[in-house]
Amino acid sequence: MLLEVRDLVIDYRSTRGRVRAVDGVSFNVPAGAIIGIVGESGCGKTTAVRAITRVMPSSAVFSGGSISLNGTDLVKLSERDMQKHLWRDIAYVPQSAMNALDPVWRVGRQVEEVLVARGGMEKKAARVRSEELFAMVGLGANRLSDYPHQFSGGMRQRASIALALALSPKLVIADEPVTALDVVIQRQVLDTFATLQKQLNVSVVLVTHDISVVAYVCDYVVVMYAGKVVESGPVADVLDRPAHPYTMGLYNAFPELSGDDRELSPIEGSPPDLLDPPQGCRFRARCPFSIATCTQDPPEHLVGEGHIANCHRATEAADLRETAKRTETWVGVTTE
Amino acid sequence: MNKPLIAVERLTKRFDVSRSMTDILTGKRPQLQAVTDVNFTLQRGETLGIVGESGCGKTTLGRMLIKLIPPSEGTILFDGKNISGMDRTAELAFRRRAQLVFQNPFDALNPHFTILRSLREPLHNARVPGEEHVSRIAEAMGMVHLPAPDHFLQSLPHQLSGGQLQRVVLARALVLRPEFILADEPVSMLDVSVRAGILNVLREVRDRMGLAAVFISHDLALVRYVCARTITMYLGAVVEDGPTADIVGNPLHPYTKALVQAVPIPRVDQSHAPLPITGGLPDARNPPSGCRFRDRCPLAEGRCASEVPPLRDVGGGRRVACHLV
Amino acid sequence: MQHAKEIALPKRETRILSSISRWLVAASTIPRRDPFAFAGLVLYLIFILIAVFADSLITHDPREILFNDEYDLASNLTPGGDHILGTTYSGRDIYSQLVMGTRGALVVGVTAAVCVVAIGTVVGLIAGYFGGLTDTLLMRLADIALGVPFLPFVIVLAAFLNPSQWNVVFGIALLLWPQSARVIRAQVMTLRERAFIEAARVTGAGPWRIMFVHIAPNVLSLSFLYASIAVGWAILTEASISFLGFGPSDSVTWGYMLQDAYASQALGRGQYYWFIPPGLCIIGVVVAGFFISRGYEEILFPKLKD
Amino acid sequence: MTYFLKRFAHMVFVLWAVATILFFMFRTMPGTPLAAFIDNTTTAEQQDALIRQFGLDKSLGEQYWLFLTNALQGDLGQSFFFKKPVVEVVMEVFPNSVILTLTSLIVAYLFGIVAGAYLAWRRGSWVEGFGIPLVLTTRAAPEFWLGMVLLAFFSFYLGWFPSGGANSSGSEWTSDWQRVTSLDYMSHLALPAITLAIYLQGLPLLLMRSNMLNVLQEEFITMARMKGLSTWTIVIRHAARNALLPVATAFALGIGGAVGGNVVVETVFSWPGIGRLLVNAVAASDYPLAQGAFLMITAVLVIMNFIADVSYHFLDPRVRFATR
């Protein structure tokens, strides 16, 4: 197992008090696999994956848990030791590369900078390696001398992927890498990313809010809600046989191109305020199947091979799934 | 076929582009053709989807329909009257009948106005008598399922969530009881679970008020859920027009095919076949001659480069702009 | 579809009251949220009070030449006795001049600031909103005004027109409006593209209503910040002009005091009590303006988000 | 390239406009320009001779045309007072103004950039709590008052520096260059330059601090940290480089503004610069000289504005290379 995240807890200090953005998140990343982390805005998915690099805003605090890469717990490492791992072992692909590349530097030089500063390469060798990397992601070598603002959206994401793969890292974290792209370019960039991942046998943690993208590329999926993991497991199992009401609700709310003309049912209400989160299961207020015991923390139920769901009623998942398909189940759930 | 509510003929929009030294000397004024020769009609109560990637001109087309920007060529007839060159009273009448729902709810309400004041603005401009405001606002808020306790009306936009704001924006559009609504990417800024709510409200309002609507989006799945008929656009031109079920089920134009095939679906067994389309979007300032899609089209042949394919009627209410289909 | 519940439309008074209370709440948070602005406000208040009650605060007539008991000129008395800050070379009471100077400074400062910001805001609004030819014309005018070196212009102006405070105000109004006009024009141009302004157009508001009802509130905060800076510039300029000898000889201003001190070799005699206080007063008022407009940073560097 | 030519044409337009304003301002001002030279002793013929000599007998239009054509050839007329061509008089003192402006600006900007970056680095600390008000105070203090205080203390009280002028009287110099680089000149230059530097450093400091704060929040800085680059590399090669662009432009604008704006400091230290020349010329209503000095200051201001715009255009790749 390349990466194991255990009970990770991260708080943000803000003027209104401490916001617990990530509250006891655990997931594993096997070598050579693509893990999808799905959830809506504010569910803590970006905070959780950024924590792996330990490059966080100054207001962020590691309040617990461990992140072990090949056995070494990154949370305990000193600043200097952690820096050794950065980009050599763990790389990052940002959402919109437009402001992730230095606007006054040519893109080629930014790739070379990493190769020389962290890869220990000579300037000439770095130049050749950059051309290789650009060719790998489908960009011409002539693009190396351009500035970031001269790149289109798709090209910028390809450049970011090339940058991430520069030192052949073991793990690449991609935070919504294709969300800002149009569907055709998105497909092309996803295909490039997936083929490279297979070729170089790199593990990838892909953060997205789009379950179709997860279905298209990922091997495993982790569904997060309000700072906690609600369900995780192989993509096929979780999508075909969701065991947590939130995953079911997410699926129903998702318009599907090929599906029959089923009525979409929104999940009413809005996510809880993480300044003082509700007791027990955080989805309780919006869940059509919530019962009295939901006020206590939900246990971790194994519902299939590597497929867990944190819900008191996970055992009744099969019939909950049927009722969840009917839109009236979701109407009038919250009094808010 | 009674008179269509909106008739668009040969609509074109060109934007001036920065001029290089040689342009100035040679007196050339290079321009970007954002929308080229678009024709379609919209019946009362009909919902038309306009789908395309960014840069295809769908938003520019929308802004012309709602009279935010003037067309360079061609005409837009609203209930038989040309909407450009209207005097003040005619324009006000048009504004009462045609409204717009914005993409970014967080930016569509004046941060200094309370929700109430934003909702009264259209009524004030349309000179609706004061005592009618109460009932109109209540009616509009009811339709978008917005709870109407007093504090809600007095709060400021930053105190509301994205979903609530978009409902206020929709209520503001409905308060004048319009006949036509233009929605430009109305849900793209919202979370998935909230989107469905807004889409359902849009469908419900359209049916209850018999509204005609144009729904602009880059997401084919959303358009399929809301619109009976869809137009796909590429680099400023309409490439296909027809019932949504046919467009999605059996696309004719090579670009629409690629568009439909490119959309991922939430099922693991979806096809991973490479798209029948190569390369990227060409530079809009000098598009390929003839059919604009020919440089990326697998079926392209000589004729495509020399002759612009007209939007041909191919029966079943479908039109396609391609020589070979 | 539940029926549209009757909503009681809050009456006009309650709406005005609620917006005032909202404003007061915001104002009350200033001391905690932004100590600079609060300090600036307090300083301003003090100077305004001094300026208003100047007549009762002064011990002597600032222009009267004083003689001691033996009937010879009470020149260069050191602070003490009935001259809090001593007397000048020509026997005038320094403290009284200082107090009267406050009134002169504030009058010039505020009027100049009002002119500059009024012109700047209106030009910025019109150029920013309408664009096209009007925009180009107004901005070319601004470029010309910016092309004229400010201090030399006011010097020439003061020299030819009979010296009075109003030359400085006129000079400032004539040349300093482009800075605020450009900043406000840029702000208006961004606002014009905002969705809520397009919403106003779509709901039928006319251009003038959009400019003064929708855009103006968002721009007023910027013009207010610019005003508090403009007060500072005006006072500094007036002091410089008086120091160069082109100031009005009829009224007493801090610049006049400094020029008087410089001309009568107060530096050589080390009469710090004469030329230090006027300088400190100028700093006080001008820095108060900067503090109030803590947005001073926002003005020069708008993107700064803490 | 286009931008360069467009901006150049714009500069010429502004220069012409200001020159025209200047010309008419001097002509339409109350009081005859020759007032200083015509007292009861000069006879009528002498008066006419003077008027003809200074071309005042021609129509306003002709005078204007003459003024423009001569100005283009560098002939700004004769100074009443010095009886020498205005250009000559102005050029004598112009180098002093340039030297004073450049030295003070360079010191101010070097200090401002370093202090600004440091303040940005120590955001929220006590350093900022004291630093910002102090800097704002230097911006609020009238330059000439600063000069007076320094003069009173360092020159009169401590006697470290001379109290005025550019060179001690009675000293001869083989060449201008030798004069300007002599120790004597330097000691005269010290106090006025320091006074100006104190006043001028406020802008670059605040500008640099704010730019650094903005840039450090950008995503490419976070990405740089994730790449494991050293803090020093990130701050210098990425943050500072982005933050310095606007400061460089401000420097050029600073020069333009300062040459005209230093007049008060030049007066306090009786530093023979172009500003002081203008003041004396105006006081002596020697209007050709005043007009010439004013035109020279305007030229420097407008040219520096032009250089600032063009330099920004070339320094920032986002502007230089339009999207391809």
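**Domains, sheet and chain contacts**

Chain A is divided into domain 1 (3-223) and domain 2 (239-330), with bounds that come from an automatic or database domain assignment. The model is predicted: local features need pLDDT of at least 70 and side-chain atom pairs count only at pLDDT 80 or more, while totals for chains, interfaces and linings use all residues. Residues are numbered from 1 along each chain as its sequence is written, and chains are lettered from A and ligands numbered from 1 in the order in which they are written.

Taken over C-alpha atoms, the centres of domain 1 and domain 2 of chain A are separated by 29 Å. Their contact takes 11 residues from domain 1 of chain A and 11 residues from domain 2 of chain A; two residues are in contact if their C-beta atoms, placed from the backbone, lie within 7 Å. On the side of domain 1 that touches domain 2, strand 2 and helix 7 (211-217) of chain A are the elements that give two or more residues. Helices (H or I, at least four residues) and strands (E, at least two) are DSSP runs, numbered from the N terminus. Strand 2 of chain A gives the most to this side, with 4 residues. By class, this side of domain 1 has 6 nonpolar, 2 polar and 3 charged residues; Ala, Val, Leu, Ile, Met, Phe, Trp, Tyr, Cys and Pro count as nonpolar, Asp, Glu, Lys and Arg as charged, and the others, Gly among them, as polar.

Strand 1 (residues 3-14) and strand 4 (residues 60-69) of chain A pair in the antiparallel sense over 8 bridges, and A:Arg6 stands opposite A:Ser66 in strand 4.

Turning to the chains, 5 pairs are in contact, and chains C and D share the most contacts. This contact takes 43 residues from chain D and 37 residues from chain C. Helix 6 of chain D gives the most to the side of chain D that touches chain C, with 8 residues. That side has 32 nonpolar, 10 polar and 1 charged residues. No contact joins chain A and chain C, whose closest C-alpha atoms lie 11 Å apart.

Notes
Pairing = 2+ DSSP bridges.
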